[in-house]
Amino acid sequence: MHGLGSTFDPSRVARHLFEARERAELSLLGRPTLPHPQQAALLPEHDYALVLEALDRFARRLERSNTVVRELGEEALRDVLLAALNMYFPGQATGETFNWTGKTDLLVQYGGQTAFVGECKFWGGEKMFLETVDQLLGYLTSRDLLTAVVVFNRTRDISAVAAKILATVRAHAQDVEEREIDLAQRRFRFRLSHPQDRTLRLDLAVLLYDL
């Protein structure tokens, strides 16, 4: 990527990836919703899909970027995604933000409330991936139901990684339902029982990218 200079600036990289027409707005549900297994999230399905689509678009552009970007570390890649999310959803995304028991990599807020919680990790095997999922679940209050893990892969066989991700979540004690399984696009969505309240269901998306 030309013009990055010697000092890494995630906002500069994000601007390179961002297209102005992509700016969007989240819309909070019109009224509070009582906890229910199928409908308790702060954001409606459409807005959750918007967040996932924004992450997917920017991460795919990172895949196609030159060696300078693809060799960035985990924290730097997270900062690029965070800067890009803030261009898409101005002022609503934060990183390394305390939520419940720890700091999460990606957090989208609306009206001062947590709407989405995400983690970014390099693929380091099934054990590390499972630890990441459990770490993410440990950050959730009973009001936090929309989540994602963004996985960056630097091994040769990404198809094998995708299969291992799928098998790992399927074996998870809280796995309840598969919402989307797309091995070709490396996108997965699952519905899990909530660690704080087993009657609630949370959504976990796993997005995999080859760097």
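I began with S8 and S9, which pair in the antiparallel sense over 8 bridges, where two strands pair if DSSP finds at least two bridges between them. Strands (E, at least two residues) and helices (H or I, at least four) are DSSP runs, numbered from the N terminus. This is a predicted model, in which local features need pLDDT of at least 70 and side-chain atom pairs count only at pLDDT 80 or more, while totals for chains, interfaces and linings use all residues. Residues are numbered from 1 along each chain as its sequence is written, and side-chain values use heavy atoms, with hydrogens and water left out.

I then looked up the sheet as a whole: 7 strands form an open sheet in the order S1-S4-S5-S6-S9-S8-S7, with mixed pairing. Its edge strands are S1 (93-94) and S7, each of which pairs on one side only.

Within strand S8 I picked out Ser193, which stands opposite Arg201 in S9. Ser193 counts as buried at 7% relative accessibility; buried means under 20% relative accessible area, exposed over 50%, and partly exposed in between (1.4 Å probe, protein chains only). Not counting residues up to four places away in sequence, Ser193 touches Gln174, Val176, Arg198, Leu200, Arg201 and Leu202, a contact being heavy atoms within 4.5 Å.

In the loop between S7 (175-182) and S8 I checked Arg186, which has a positive phi of about 60 degrees although it is not a glycine. Most residues other than glycine have a negative phi. Arg186 is partly exposed, with a relative accessible area of 24%.

Next I turned to helix H5 (residues 126-138), whose 13 residues reach 18 Å from the first C-alpha to the last, close to the 18 Å expected at 1.5 Å a residue; the expected span is 1.5 Å times one less than the number of residues. The buried residues of H5 are Phe129, Thr132, Val133, Leu136 and Leu137. Seen down the axis of H5, they fall within an arc of 135 degrees, so they line one face of the helix, the arc being that of the directions from the helix axis to the C-beta atoms. I found the buried residues of H5 packing against S5, S6, H6 (158-170), S8 (187-194) and S9.

For H4, I noted 15 residues reaching 21 Å from first C-alpha to last, close to the expected 21 Å.

Of its 34 residues, Leu55, Leu81, Phe116, Val150 and Phe152 touch the most other members. The elements giving two or more residues to this core are H2 (45-64), H4 (74-88), S4 (106-110), S5 (113-122), S6 (146-153) and S9 (197-210), and H2 gives the most, with 9 residues. Leaving aside neighbours within four places in sequence, Leu55 is in contact with Leu81, Leu85, Leu106, Phe116, Val150, Leu207 and Tyr209. A second, separate core of 23 residues includes Ile165, Leu166, Leu204 and Leu208.

Last, I recorded the totals for the protein chain: 6 helices and 9 strands, with buried residues making up 50% of its 211 residues. Among contacts between residues at least 6 apart in sequence, 61% join residues at least 24 apart.

Key:
Core = buried A, V, L, I, M, F, W, Y, C linked by side-chain atoms within 4.5 Å.
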